[in-house]
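Visitor: I have a structure to go through before the afternoon. Could you take my questions on it one at a time?

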Amino acid sequence: MNGDPEKIEPELNGGNTVKDKIGRFFITLYDLHRFMLRFFREAFLPPYEFRETIRQSFDVGLKSLSIITLTGFIVGVVFTKQSRTSLLEFGATSWLPSLIAIALMRALAPLVTALIVAGKVGSHIGAELGSMKVTEQIDAMEVSSTNPFKFLVVTRIEATTLMVPILVIYMAFISLLGAYLDVHLNEATSFPAFFQQAFMKINLYDIVSIMIKSAVYGFTVGMAGCYIGYNAQQGTVGVGKSANKSVVVSMFLIFIEEMLLIQVLNYGKQFF
Amino acid sequence: MIKKETPHIDRTETVIELRHLRKSFGALTVLQGIDLDVFRGENVVVLGRSGSGKSVLIKLIVGLLKPDSGSVRVFGEEVPALDTRALQTLRKKIGFSFQGSALYDGMCIKDNLAFPLVRNKRNLSRKQIDQAIEKVLDDVGLAHTVYQMPAELSGGQKKRIGIARTLILEPEIMLYDEPTAGLDPLTSIEINNLINEVQARYKTSSIIITHDLSCAKSTGDRLVMLVDGQFLRQGKFEEVFDTADIRIRGFYNYNFILDN
């Protein structure tokens, strides 16, 4: 049921003692767990909202494209410039393409893309769903025999989960282009030679782990934005809070996931 | 104001039946033992002060909230006991006009109106959908707004489109939540007339939630007065206010002062 006014015990709702705060934290965790289970249930059960998922995916991609292009290019150029000074000390500037490719593909591109999507798309999802909640648009959808969870939440989470990996690949490519430009101007390396060297140290496992990481980040951004927006309260103030909270929570979770995933994926590499 | 046509009310058929309905939010008891029958073709107005639980009542009927105890039966079906699929099927017969209109502000009017139709009648062709939109917009007198966005409409127009969006599924029951709230007196009269036209044209049974006496008087076939979570009196407009009960007289006098 969409309204869910009973989900938080009223005694805990307004209290400000440590006990109340801990109580609220665990209730939120439990509620989030239910929200996530509902997502997986609704995502796999018909009817499917393919058209809306495609529309949302297009929206997510388009919204982030310009800023990802700009950021990616700058990251590539700056990272190359910073790395060159260190490598010069060892006379190892020929390693630049490989070093940059490894750093970009394995760490920078997924992380930076995820943070950009969290800021750009996560806040939008939080504000949009929050606004729909406080203006009763979600209730209106429900009473017109449409499942708002499937239409609004499932499609958005699917879209971010699908689009972040694509955006990561795009960003890695743009960053490498920026890096190539800098390397070409300083070391006169040709385009094929740069990319041949760059991809020498990148293997299939790296690509697979980037895709896994990116999909997890995308899922996190979508889930945080949808959960917070879908449960927005307190009128227009709640909408602003939802947008803000979506970004903060997404970024926080992305950093934690980065730390955990890097351990898991590095451990998994020895079996590959 | 257009005079309300004498409705055809079938008192042998109850479309909504509430029994001993109770609802609380934490320590706040909103409804305490509500009993109500709405007959086919009848417009029932629920009058009461802001915060008296009027909106909660219709949200219970449409299954947006669950009662603490008591029975909510719509077309003989116990609403709180229905599973999601059965509830969705039942909701196709119920139109809900929200206080703030609740138009999807990311969609133009045409898409707003097409939304419930596309989702509930998946076999309709594009042409049939367009025809249904055209008809329902004509019925609410806003055919020219078809490609406008909700933000471009006035409060009264939004209310009309909100009603049109529910009418497109040709519901048998209409639930109006404060249909004239926030509107100027002339626009309120237009909305009241529209409610009566909907009753006559679509043969709907309705519950109209309001604190506006002119709305209550011009649209209601029967009024019920909700005070402190209970129905104090019911009957025709004059019957309800023909009392010495200060809680009802006070409500009437306050509205009378405002209207004059």
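Visitor: Which side chain does A:Glu49 meet in a salt bridge?
Guide: The partner of A:Glu49 is B:Arg119, at 2.8 Å from N to O. A salt bridge here is a side-chain nitrogen of Lys or Arg within 4 Å of a carboxyl oxygen of Asp or Glu. Please note that this is a predicted model, in which local features need pLDDT of at least 70 and side-chain atom pairs count only at pLDDT 80 or more, while totals for chains, interfaces and linings use all residues. Residues are numbered from 1 along each chain as its sequence is written, chains are lettered from A and ligands numbered from 1 in the order in which they are written, and side-chain values use heavy atoms, with hydrogens and water left out.

Visitor: Which element of chain B gives the most to the side that touches chain A?
Guide: Helix 3 of chain B does, with four residues. Helices (H or I, at least four residues) and strands (E, at least two) are DSSP runs, numbered from the N terminus.

Visitor: And how much area do chain B and chain A bury between them?
Guide: They bury about 2,000 Å², with 56% of it on carbon and sulfur atoms. Buried area is the accessible area (1.4 Å probe) that two parts lose on being put together, summed over both. B:Leu64, B:Tyr104 and B:Arg119 supply 25% of what chain B buries against chain A, more than any other three residues. The contact, meaning heavy atoms within 4.5 Å, takes 27 residues from chain B and 22 residues from chain A.

Visitor: Now the salt bridges within a chain. Which side chain meets A:Asp182?
Guide: A:Arg84 does, at 2.8 Å from N to O. The pair links distant parts of the chain, since A:Asp182 lies in helix 6 (residues 148-187) of chain A and A:Arg84 in helix 3 of chain A, 98 residues apart. Both belong to a network of salt bridges that also links A:Lys81 and A:Glu187.

Visitor: Is A:Asp182 buried or exposed?
Guide: A:Asp182 is buried, because its relative accessible area is 4%. A:Arg84 counts as buried too, at 10%. Buried means under 20% relative accessible area, exposed over 50%, and partly exposed in between (1.4 Å probe, protein chains only).

Visitor: What about A:Glu128: which side chain does it meet?
Guide: A:Glu128 meets A:Arg156 in a salt bridge of 2.9 Å, N to O. Helix 4 (residues 96-134) of chain A holds A:Glu128 and helix 6 of chain A holds A:Arg156, 28 residues apart. A:Glu128 is partly exposed, at 27%, whereas A:Arg156 counts as buried, at 3%.

Visitor: Where is A:Ser64?
Guide: A:Ser64 is in helix 3 (residues 50-89) of chain A. At 0% relative accessibility, A:Ser64 counts as buried. A polar atom of its side chain lies 2.9 Å from the backbone oxygen of A:Val60. Beyond its neighbours within four places in sequence, A:Ser64 is in contact with A:Val117, A:Val121 and A:Leu167.

Visitor: Turning to the sheet in chain B, what is the order of the four strands?
Guide: The order is 2-1-4-5, in an open sheet with antiparallel pairing. Strand 2 (28-40) and strand 5 (77-78) of chain B stand at the edges, each with a single partner strand, so one side of each has no neighbour in the sheet. Two strands pair if DSSP finds at least two bridges between them. Strand 1 and strand 2 of chain B pair over ten bridges, and B:Leu21 stands opposite B:Ile34 in strand 2.

Visitor: In which sense do strand 6 and strand 7 of chain B pair, parallel or antiparallel?
Guide: Strand 6 and strand 7 (residues 173-177) of chain B pair in the parallel sense, over four bridges. B:Met174 in strand 7 is the bridge partner of B:Gly95. Both faces of strand 6 (residues 94-97) are covered: B:Ile94 and B:Phe96 on one side and B:Gly95 and B:Ser97 on the other are all buried.

Methods. Polar contact = N/O pair within 3.5 Å; in protein donor to acceptor, adjacent residues only side chain to side chain.
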